[in-house]
Amino acid sequence: MGQLRGRTMSRRSLVIAVASIAVVSLLVVVVGAATRWFGLAGSSAAEAPPPVLRLAPLRPDAPAPGKSGLAAALTKLAGSSDLGTLTGMVADPASGEVLWSRNPDKAMPPGSTTKLLTCAAALLTLSPTTRIPTRVVAGSTPDSVVLVGGGDPTLSALDKDSESVYPGAAKLDSLAEEVRYAHPGPIHTVTVDIGRFTGEGMAPGWDTSDIAGGNITPIGPLILDGGRSKPDELDPPRTATPALDAGKALAQRLGADPATVAVGSAPTGAAVLGEVGSPPVADLVETTLRISDNVLAESLARQVALARGVDPSFAGAAGAVRDSLAAAGFDVSGVSTVDGSGLSTEDRVPARLLGQILTAASGPGSDQRAARLRPLVTGLSVAGGDGTLDDRFTDDASAGRGFVRAKTGTLTGVSALAGVVSDSDGRLLSFAFLASGTSPAVARPRLDALAAALRECGCR
């Protein structure tokens, strides 16, 4: 079965200021041609100017919606046949109380909302300041070097003055400069060491057509620009041989013959000739969520597996993510995942878990989990503003523009939306909605309408 991409294609010129602060005190104020608190007044999606998003306090005394009021606001929308089978939940992060739910324990195909699980596990397991290294070490002969992949797929082949889709990515040029400085003699051979990860490069339920389709590249510890053929575009065709491509790119920079690049192992104890590091893990999490990057999500899942001392394969990483969440007190019953990105058609996740993660991430700053998970919220796309929501929340859902922050999920017959929104009283709510059995083109506007209804709701 063919898969739809789990992201939107258009990108809007927009600068969004975000901060890792207690989200229960966060309010997005939207200023446009017509201005009012919390949204764009009287503008359709086609007419609305790009919003300017600022941070200001939520009302600390804002009342929570009542369960009956929420039910009245959501029941009709949730019953739309356009949603097929719908599960979901809405909660109050300040208290942790579930205010509305529909079959929240039913495991459903989550699409890219699986990335919330992976990113949460990364934040709970790794230091937010950790940088993933890529190294070059001396080879077995004086004229050889080994490029050792550490699992940073953001490493970029672009020049130092150019920006890829990964903000702050390390550059291969910088690594090559370090190598030339440390090894001034001729280099004739470049070997690539991909031993840090194990297992196959493609997960169960993945389609090889998604490589040329721009959604994925075979997962390994050595990838340039997420395997993209055009590093500054979100979804160009990707490579089926990322490690060899990286080795050839380094060989060209060092004056070696790219045709001789092969996979091998670094000599034990080999001298390090150069090293660069990825952006910090907290930044990688935000990027993963905002652009719904499958390769980066899989790489973060492998880092979780390595940190927990388990096999850094698809199965090992998926298990490590579930174990990390369980160790932090999340209920992972019913979860069955085979990858970390949600690209697989075999993944199943209950809305309950997505809701629990977002409720914790947006809860009071005194909560230890909230402090660690805050980048999940700052990484969520803004409705009508950026990321995978930049061209959504139109027509009946326009009230949510600028207020809803959420992670999307899309596969053939699968649509999901999970995030946070402030209601009309200034109370922050978390939500997770999973729908299956209908076309995403039909289901996504209905999911947007559900989230927009939360924005409009005082619901007491």
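**Group meeting: a walk through the predicted model**

The chain has eleven helices and 17 strands. If you take the contacts between residues at least 6 apart in sequence, 70% of them join residues at least 24 apart.

Let's start with the five-stranded sheet. It's an open sheet, the pairing is mixed, and the order reads β11-β10-β9-β8-β12. At the edges you have β11, residues 262-263, and β12, residues 272-277, and each of those pairs on one side only. Inside the sheet, look at β9, residues 144-148, and β10, residues 189-193: these two run parallel, joined by five bridges.

Another is α5, residues 242-254, and α5 touches β8, β9, β10 and β11. For α5, the angle is taken with β10, and it comes to about 150 degrees.

Next, a helix pair. Two packed helices are described by the angle between their axes and the distance between the axes. For α2 (residues 114-125) and α6 (residues 281-291), the angle is about 175 degrees and the axes are 10 Å apart. Anything over 145 degrees counts as roughly antiparallel, so that's what we call α2 and α6. Who meets whom? From α2 we have Lys115, Leu116, Cys119, Ala122 and Leu123, and they meet Val281, Ala282, Val285, Thr288 and Leu289 in α6. Sorted by class, this contact has eight nonpolar residues, one polar and one charged.

On to the other sheet I wanted to show. This one is open too, with six strands in the order β6-β5-β17-β16-β15-β14, and the pairing is antiparallel. Its edge strands are β6 and β14, the latter being residues 381-382, and each pairs on one side only. β14 pairs with β15, residues 405-411, over two bridges, in the antiparallel sense. Zoom in there and you'll see Ser381 standing opposite Ala406 in β15.

Last stop is Arg427. You'll find Arg427 in the loop between β16 (414-422) and β17 (428-436). Is Arg427 buried or exposed? The relative accessibility is 18%, and the cut-off for buried is under 20%, so Arg427 counts as buried.

What does the side chain of Arg427 make a polar contact with? With the side chain of Asp92, at 2.7 Å. A polar atom of the Arg427 side chain also lies 2.6 Å from the backbone oxygen of Ala62. Leaving out residues up to four places away in sequence, Arg427 touches Ala62, Pro63, Ala64, Pro65, Asp92, Ala94, Val421 and Ser422.

Let me pick Ala94 from that list. Ala94 lies in the loop between β5 (85-92) and β6 (97-102). With 42% relative accessibility, Ala94 counts as partly exposed. Ala94 and Arg427 are 333 residues apart in sequence, yet C-alpha to C-alpha they're 8.8 Å apart in space.

That's the tour. Questions welcome.

How values were computed
Residues numbered from 1 in each chain as written. Predicted model: local features only at pLDDT ≥ 70, side-chain atom pairs only at ≥ 80, totals over all residues. Heavy atoms only, no water. Pairing = 2+ DSSP bridges. Helix = DSSP H or I, 4+ residues; strand = E, 2+ residues; numbered from the N terminus. Contact = heavy atoms within 4.5 Å. Axes fitted to C-alpha atoms, helices over the stretch in contact; angles between N-to-C directions. Parallel < 35°, antiparallel > 145°, perpendicular 65-115°, else oblique. Nonpolar A, V, L, I, M, F, W, Y, C, P; charged D, E, K, R; others polar. Buried < 20%, exposed > 50% of the residue type's maximum accessible area, 1.4 Å probe, protein only. Polar contact = N/O pair within 3.5 Å; in protein donor to acceptor, adjacent residues only side chain to side chain.
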